[in-house]
Amino acid sequence: MLFLQSMNTILFHLLILMAMQSIVIVLSSCPTGWVKWRQSCYILLPDKMNWMQAEAACNRPGSNLIVPDSKEENDFIFKWAVKGNGGMLIGCTDAAQEGVWLCGGQPARFTNWKTEFPQNNSRYNCARMVTNGLWSDNLKCNGTATKTVVCEMPVPIVPIYHTLLGPNGRVSQYCPLNHVIDNLAVEGVIACGWACTSDPRCRSFNVWQSSEKEKKCQLNDVTRLENDQTDSHDVEGCVYFSL
């Protein structure tokens, strides 16, 4: 009870929702740093990667390596992120079965292959966007060649983060402490959640109670399920949330 009384007004009202065992936050716009086009959000990552690295970097709840689903989206992405940038990776591969291309794990709804592609070559199994927005599969998925990476997600209209009550009825305070990728000063849970959603590396976040107006927000690159449980600690004043 003392713990709840010490939280700020926003967090207190969010915790009231815990009667249903989780916090629900609904958004209707793109997070900071993401670009909105129609009903999707996009972010250009600062580092170039190979295809396998890019797929892992973009793979988190609601987000994936970009897959253009129409000529209009393909043209938008080319003009925004690819033109003059040496090519961009696309979330399409035939690594599972040569010649059977899956985009985002599903049969492609749209393709824009150059005339000579895709090739029937088991050495090259991943796609990229090249000149004029055309696609090529002349790329090894885990090779040394690195390209521009764009992640995409739908404009958020569903819950983006939550926390659960423990068996004792208290808010989960088992916070991962050795996977912090950023420390921020924020006004409360909502601001920390936005910061996590805005950073493609972030999988969960910790909010620390303090007597000051600003709270300490820690962004983590793992969730508790992904983390070695010995690295999560029951720490007074720390509240854990995952995406």
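Which strands each supply at least two residues of the lining of the largest pocket? I found two: strand S6 (106-107) and strand S9 (150-154). A reminder to myself before going further: this is a predicted model.

**Entry: the pocket**

I stayed with the largest pocket for a while. About 320 Å³ of space lies in it. I noted 16 lining residues, and the ones nearest the centre of the pocket are Asn-64, Val-67, Asp-69, Arg-109 and Glu-152. Of the strands, I wanted to know how many residues S9 puts in, and the number is three, with S9 giving the most to the lining.

I then zoomed in on the S1 end. S1 pairs with strand S2 (residues 40-44) in the antiparallel sense, over three bridges. Val-35 is the residue I found opposite Tyr-42 of S2.

Arg-38 counts as exposed, at 53% relative accessibility.

**Entry: disulfides**

How many disulfides does a search of the whole structure find? The search gives seven. I wrote up three of these pairs.

The pair I took up to begin with was Cys-58 and Cys-151, whose sulfur atoms are 2.0 Å apart in a disulfide. The link is left-handed, with -75° about the S-S bond. Cys-58 belongs to helix H3 (residues 51-58) and Cys-151 to strand S9, so this pair ties together parts 93 residues apart in sequence. Are these cysteines buried or exposed? Cys-58 is buried, with 1% relative accessible area, and Cys-151 is buried too, with 0%.

Next I went to Cys-126 and Cys-141, joined by a disulfide with an S to S distance of 1.9 Å. This link is right-handed, at 100° about the S-S bond. It connects distant parts of the chain, 15 residues apart: Cys-126 is in strand S7 (residues 126-129), and Cys-141 is in the loop between strand S8 (135-136) and S9. I have Cys-126 down as buried with a relative accessible area of 0%, and Cys-141 as buried with 12%.

Then came Cys-192 and Cys-217, with 1.9 Å from S to S in their disulfide. The torsion about their S-S bond is about 75°, so I logged this disulfide as right-handed. Here the linked parts are 25 residues apart, with Cys-192 in helix H5 (residues 189-198) and Cys-217 in strand S13 (residues 215-220). Cys-192 counts as buried at 0% relative accessibility, and Cys-217 counts as buried at 0% as well.

While I was at H5, I followed the chain into the loop between H5 and strand S12 (204-208), where Asp-199 lies. Is Asp-199 buried or exposed? It is buried, with a relative accessible area of 13%. What does Asp-199 touch, leaving out residues up to four places away in sequence? I listed Arg-60, Ile-181 and Leu-219.

The peptide bond from Phe-117 to Pro-118 is cis, with omega near 0°. I placed Pro-118 in the loop between S6 and S7.

The other item is Asn-132, in the loop between S7 and S8. Phi of Asn-132 is near 60°, a positive value in a residue other than glycine. I have Asn-132 as exposed, at 59% relative accessibility.

Terms used:
Residues are numbered from 1 along each chain as its sequence is written. This is a predicted model: local features need pLDDT of at least 70, side-chain atom pairs count only at pLDDT 80 or more; totals for chains, interfaces and linings use all residues. Side-chain values use heavy atoms; hydrogens and water are left out. On a 1 Å grid over the protein atoms alone, a cavity is a set of points where a 1.4 Å probe fits but cannot get out, and a pocket is an open set with protein on both sides within 12 Å along at least five of seven lines; lining residues have an atom within 4 Å of a point. Grid points are joined across faces, edges and corners, and a volume is the space filled by probe spheres set on the points. Helices (H or I, at least four residues) and strands (E, at least two) are DSSP runs, numbered from the N terminus. Two strands pair if DSSP finds at least two bridges between them. A disulfide is a pair of cysteine sulfur atoms within 2.5 Å. Buried means under 20% relative accessible area, exposed over 50%, partly exposed in between (1.4 Å probe, protein chains only). Contact means heavy atoms within 4.5 Å.
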